[in-house]
Protein chains: 2
Amino acid sequence: MGSSVADLPHPFDPLSLAEIETAITTVKKAHGDVFFNVVALHEPRKAEMTAWLAAPETAPRPKRVADLAVIAPGGKVYDALVTLDEPKIIKWELLDGEQPIITMEELQLVEHIVRSDPKVIEQCILSGVPEGEMEKVFCDPWTIGYDERYGSSVRLQQAFMYYRPNIDDCQYTFPLDFCPIYAADKKEIIAIDIPKVRRPLSKAPPINYHPAAVEAQGGHRKDLTPINVTQPEGVSFQVKGREIEWQNWKFHIGFSYREGIVLNNITFNDKGNVRPIFFRLSLAEMVVPYGNPEHPHQRKHALDQGEYGAGYMANSLSLGCDCKGSIHYLDAHFPTQAGGVRTIKNAICIHEEDSGILFKHTDFRDDSVIVTRGRKLIVQQIFTAANYEYVVAWVFHQDGTIQPEIKLTGILNTYAMDPEEDTHGWGTQVYPGVNAHNHQHLFCLRIDPNVDGPDNTVFMTDAVPSEAPVGSPENFYGNGFYAKRTKLATTGEAMTQYNGATSRTWDICNTSKLHPYSKKPSSYKLVSREVPGLLPKEGSLVWKRAAFARHAVHVTKYRDDQLWPAGRHVPQTSGEPSKGITEWIGDGSESVDNTDIVLWHTFGLTHFPAPEDFPIMPAEPMTLLLRPRHFFASNPVMDVPPSYSSTPSQLLANGSGVLDAADKISKLAFPNGNGANGASCCSTNGATNGN
Amino acid sequence: MGSSVADLPHPFDPLSLAEIETAITTVKKAHGDVFFNVVALHEPRKAEMTAWLAAPETAPRPKRVADLAVIAPGGKVYDALVTLDEPKIIKWELLDGEQPIITMEELQLVEHIVRSDPKVIEQCILSGVPEGEMEKVFCDPWTIGYDERYGSSVRLQQAFMYYRPNIDDCQYTFPLDFCPIYAADKKEIIAIDIPKVRRPLSKAPPINYHPAAVEAQGGHRKDLTPINVTQPEGVSFQVKGREIEWQNWKFHIGFSYREGIVLNNITFNDKGNVRPIFFRLSLAEMVVPYGNPEHPHQRKHALDQGEYGAGYMANSLSLGCDCKGSIHYLDAHFPTQAGGVRTIKNAICIHEEDSGILFKHTDFRDDSVIVTRGRKLIVQQIFTAANYEYVVAWVFHQDGTIQPEIKLTGILNTYAMDPEEDTHGWGTQVYPGVNAHNHQHLFCLRIDPNVDGPDNTVFMTDAVPSEAPVGSPENFYGNGFYAKRTKLATTGEAMTQYNGATSRTWDICNTSKLHPYSKKPSSYKLVSREVPGLLPKEGSLVWKRAAFARHAVHVTKYRDDQLWPAGRHVPQTSGEPSKGITEWIGDGSESVDNTDIVLWHTFGLTHFPAPEDFPIMPAEPMTLLLRPRHFFASNPVMDVPPSYSSTPSQLLANGSGVLDAADKISKLAFPNGNGANGASCCSTNGATNGN
């Protein structure tokens, strides 16, 4: 294959289908049939990559390397690296007591084994499942997380058990109260956790959201008219391969089996000066601890990305359903465990949306006015983690703001309860016989900043009153307040919590580049308000395993391969010692002042379920902002064309020269009257004086 | 005029143009020429109104009454009530030391007087304004707020002074350093506040955002293609007068000179059962304290609604500029100070938007899936408070959530500085010679709840870990956590602060109505995360005048006319004693347990300006949620038609019966390839296994 440079993958591109096949073939040739849990891009070393990005014509192009985790017969786990230009295994390392990510195939398999296990069948019948109805029994086979009785060396899954009276019923309405434990290597159930107090199968009627069920309840509502979104002249973004350009932004869109969307080399063209902002952005890990302390519910604390993968669990998205308007899609390729390749079509969708008023001002003297509408670019994926769905959107604004946004929907994880049972506050009966346990969704945003260059420093900013008392000369009327800035100079100092009372933010600064007017460092501010903190206590199993969630912010010095803060292999880690971020932080003495750093931000929400969330949850959104502060000379969006503009001089000249570029497609809802006024454009502030 | 009942205004309707005229004529007849600062609806007494709403055919219809505040010659201020059916003054009360709201006419006048005042001219010249250029001098004439040197009995304004080199320049780029004080009764400047350290007029070049200025800087960007939003079959809402029905919601949209949009009698049709939720919702007051403690900046703490009025300052909105799509508008009528009537056309806009995924779930076993898109209804206004604009939107969601949303845009309030001067952290040099002081925007949301009836109770909810230590039998693994609920039984107990660490929320509950499954009271949860608290200190001037901002939440017992928490007449209140909410709370002993209550919530943000905010601010959003919890039996939106649905049985039958109602208008961004896949609908989760 005579390939030109244009044909070569971008060094940040995920492995292509062919590259995955090459890596698999190479390993198979050397080691025979193994299970391929990971075959993914081994990300280019930053030093090499930075050199190449600076001079792609002259610097050496970073080599393509595959990163693998495989399970060989006998449950032996290997980490491997395979070069792809000349296929060659350059690393083959046997691991001890580590379990790689669980695959979709491993999730699929357990249900079949559970259904034919005699002890499970016995428990089902005891719970009230009619004999011979095991095909109506379902399970969500999570990794076991960690159970001190079994440790980490045997690959285990815990099977949350459910029953469906009818094939189209929602099984989460009929949870069973016991939990089989499955050993992957033997493909068998090795134990069943049975609670002291038994809870028989619910006899409540099914509750469903599918059309036939809704029809039986009176049908769908008929009073929604369509809203159409069109871009007759095409979209405002350009895509080359996986690089996108839009409204001065440029970045590369990767996709990782772990993190899903990975954004690399994010730059902003500031009037011809292409300025780096972030080297890499992703959701690097998450944990969903459940708050019921009774055994074995402590094992319910999915680290969904490390244990299952936001890429592996990605939905295939579709036009007019998941996204509306003019959409561009990107596919994803992953290995199958057996050594094939599967493709998720449309794993990422990209589109623009109108985002309301970008800026407006009216001068009250003369009603001279400007009004400009904004636009946003959305790079989105959805992944299904058994019961829950996560809609993850990276929203780019014209003004330099990046807004990660997550919507939660899907179905609550449920447990059986006697309808008269006291939940003791650890959960809510959301439907008769259905106990939805309290839980948190905590996400770790990994920010590898590059704010005007790689050497950055994080400051914590708190809004605080003047220290001087009311009546003192310095603060006589008591109104003084200011932004108190604290430099986070070491990894230890940088372990910081959220403070809602001071509207705490964290500023990622380039202290070598001061703003000409404000004299403050060029920076991006992390504004995040949904920061509940980890509710499981210090020393708890979750606290040990998900150390990234102990603080709202950690800062580490950048090192290659330090991507995932709960460690590379997450299933069945004990947290003793904690993997990932605690190892990188060490004794906390390392300087993160004016050097290449990574900021890890844990945010999310605490969910005390209510019946409104069942049987399927209306989407609950959460968001945060990365905002440029002292980065641009002035407002960077003044050149966005206004919809309407009139200046004092134009108004004096009887409106000549007034700009009226308003969208002429918009219409009155009730053009034939009904109280609506003919809405001519904003030529005046509307005050028609009667006297 | 033989009027049928259908012609009568709804008792919640703002005064019509004719009603305002009737009230003015009646007062003029009795008292001659006075200034009409307020001629507004005297809101119906709640007892009468509730009786009428329950039985509009038989109960007496609440009478129309006008509420007036007038200024008679000599600066005498009167509160008055005028019945409108038979025009008659039923109250005429002389006030002592109270100043009614400032009108647009009063704001307009000062600039002219300032320009011809010899002492002001002298100061302008001293500052560097060329002689004979007083027509280039501008001022924003705020109410003085409060200044202890002058007290409350003389009506005063403080004039923030600016210069425009050219008629179309933004004057906020050229602030002057002194502040004339204007007496309204005499129409003259009575003093000038001159700082000890003088700051000459800036010589920096102007920076502008109007098209000619942008053209001179290289022009507007040309790479934005249009996004069109259309509703070819019309909108999904119905409007009768000012009552709107949409997606089971029904409510009345009022408009007050003070609060702007007022939403009354909000109900939700829950499967045929029309359930009351809120009797009245509005933004009742706000305060914008500035954090520079130097005299006279302590006077910069606009209580914009009480001092100027979110209704009085409303913009006239226009199609395709302020709003996009299919829009319905409502006008507003207000008195002029001289006794006329002015109309703000299109003061309120109402429209629908697609709101992304409402719910989705895919079963990972078989890729059976449902995906349903959501819709929202937006009732919006924009008001211009001198330099700033506030975009206030009341967003209704199909799932019973109400989401007040505020966007800030417009221009920073600025003060003069020497470019080399140290701002001492009280402000930021956003442009050479321009100091933008730190400030907060604190809004008071008035919630008059009616959750399944008027008798409600507020509980504060904190997410907290189990008290039992790790290793104890009750919390062996340490993961236990729960929602700690604290009843706010009295007005004193209800004075509560925000706590970000516990994700604190407030639940408005009907304790007489327990949910059949969860056994918890029917409730609406206030979820608000932008709650910075008042930064001016206890005992400060702002703290005294804006007592509502001392706590995130206050709860009072409902009483007619207790609408505005900083008092009825806000200009020039000293805060000694504090007006409004502190009077209503009294000693804090009054019960607010299971009775008709009002919840006052103060939220907002702290703004440390940056150069990006100048010369015009890209809109900065903030929002909160009022969410139904334990209110609906189950998810209330299951009957929203899905875009796509497939059940396990349909998939087994080779997809027969699968619902594909996806929006067929959406398109691929790049239909001719460019890496995009032909996006057929979500028939599978996309995993095409290669092996």
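1. Between domain 3 of chain A and domain 4 of chain A there are two residue pairs in polar contact, both at pLDDT 80 or more (a pair of N or O atoms within 3.5 Å, where within protein one must be able to donate a hydrogen and the other to accept it, and residues adjacent in sequence count only if both atoms are side-chain atoms). Strand β18 (residues 369–385) of chain A gives the largest share of the domain 3 side, three residues, strands being DSSP runs (E, at least two residues) numbered from the N terminus.

2. This is a predicted model, in which local features need pLDDT of at least 70 and side-chain atom pairs count only at pLDDT 80 or more, while totals for chains, interfaces and linings use all residues. Residues are numbered from 1 along each chain as its sequence is written, chains are lettered from A in the order in which they are written, and side-chain values use heavy atoms, without hydrogens and water.

3. The area buried between domain 3 of chain A and domain 4 of chain A is about 670 Å², with 53% given by carbon and sulfur atoms (accessible area, 1.4 Å probe, lost on putting the two parts together and summed over both). On the domain 3 side, A:D367, A:V369 and A:V371 supply 59% of the area buried against domain 4 of chain A, more than any other three residues.

4. Chain A can be laid on chain B by a turn of 180° and a shift of 0.0 Å along the axis, with an RMSD of 0.0 Å (least squares on C-alpha atoms of residues with pLDDT of at least 70 in both). That is the relation of a two-fold axis.

How values were computed. Helix = DSSP H or I, 4+ residues; strand = E, 2+ residues; numbered from the N terminus.
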